[in-house]
Amino acid sequence: MTFKFLTDEQNQVLTDSIENYRGHISTIETAIGAIVVGQKYGWRVLRMVHSANTMKKYEKAIGLKYEDICPESTEYSKRNIGFRFAQTIGKYWDVVMGRQKVDRKAEIDNGEE
């Protein structure tokens, strides 16, 4: 498997990680799925949706950092309720870390305010 949006080196790291992975298959499966979602929505939305510990677990499983392989944000990022709210108040990390509570912060909708 290769992804066109990854470099040859990144594709090799991912392939090696998949071939050598040991652990619950849902971890590597979700980690790979997050690459695809991160390409469409950006790594900032991934950080909004997953805890810091979960992101570290996924990055360890795939051998890559999402910030290195996904755009920071895209035109689709605003469809995430938490991301859109964080942009409105200008406090992204407060929303990510839960210091600013947002109902349904991990949900995707049509992007309207």
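## Overall size and fold

In this predicted model, the chain has 113 residues, and a compact globule of that length would have a radius of gyration near 13 Å; the chain itself has 15 Å, which agrees with that expectation. Taken along the principal axes, the C-alpha atoms of the chain fill a box of roughly 40 × 25 × 20 Å.

The chain has seven helices and zero strands, so that, read from the N terminus on, the order of its elements is simply α-α-α-α-α-α-α.

## Surface, burial and contacts

The accessible surface of the chain comes to about 7,100 Å², and 49% of this area belongs to carbon and sulfur atoms. Of the 113 residues in the chain, 38% are buried, where buried means a relative accessible area under 20%.

The contacts within the chain can be sorted by how far apart the two partners stand in the sequence.

S17 lies in helix α1, which covers residues 8-20. The relative accessible area of S17 is 14%, and because a residue counts as buried when this value is under 20%, S17 is buried.

Leaving aside residues up to four places away in sequence, S17 touches A61, I62 and G63. A related distance can be given for K60, which stands 43 residues from S17 along the chain, while the C-alpha atoms of S17 and K60 are separated by 8.8 Å.

## The largest pocket

The largest pocket has a volume of about 150 Å³. The elements that give two or more residues to the lining of this pocket are α3 (43-49), α4 (52-62) and α7 (92-96), and α4 gives the most, with four residues.

In total, 13 residues line the largest pocket, and those that lie nearest its centre are R47, H50, S51, A52 and V96.

Notes
Residues are numbered from 1 along each chain as its sequence is written. This is a predicted model: local features need pLDDT of at least 70, side-chain atom pairs count only at pLDDT 80 or more; totals for chains, interfaces and linings use all residues. Side-chain values use heavy atoms; hydrogens and water are left out. On a 1 Å grid over the protein atoms alone, a cavity is a set of points where a 1.4 Å probe fits but cannot get out, and a pocket is an open set with protein on both sides within 12 Å along at least five of seven lines; lining residues have an atom within 4 Å of a point. Grid points are joined across faces, edges and corners, and a volume is the space filled by probe spheres set on the points. The radius of gyration is taken over C-alpha atoms; the globule rule is 2.2 Å times the number of residues to the power 0.38. Buried means under 20% relative accessible area, exposed over 50%, partly exposed in between (1.4 Å probe, protein chains only). Accessible areas come from the Shrake-Rupley method with a 1.4 Å probe; for residues, only the protein chains shown count as cover. Contact means heavy atoms within 4.5 Å.
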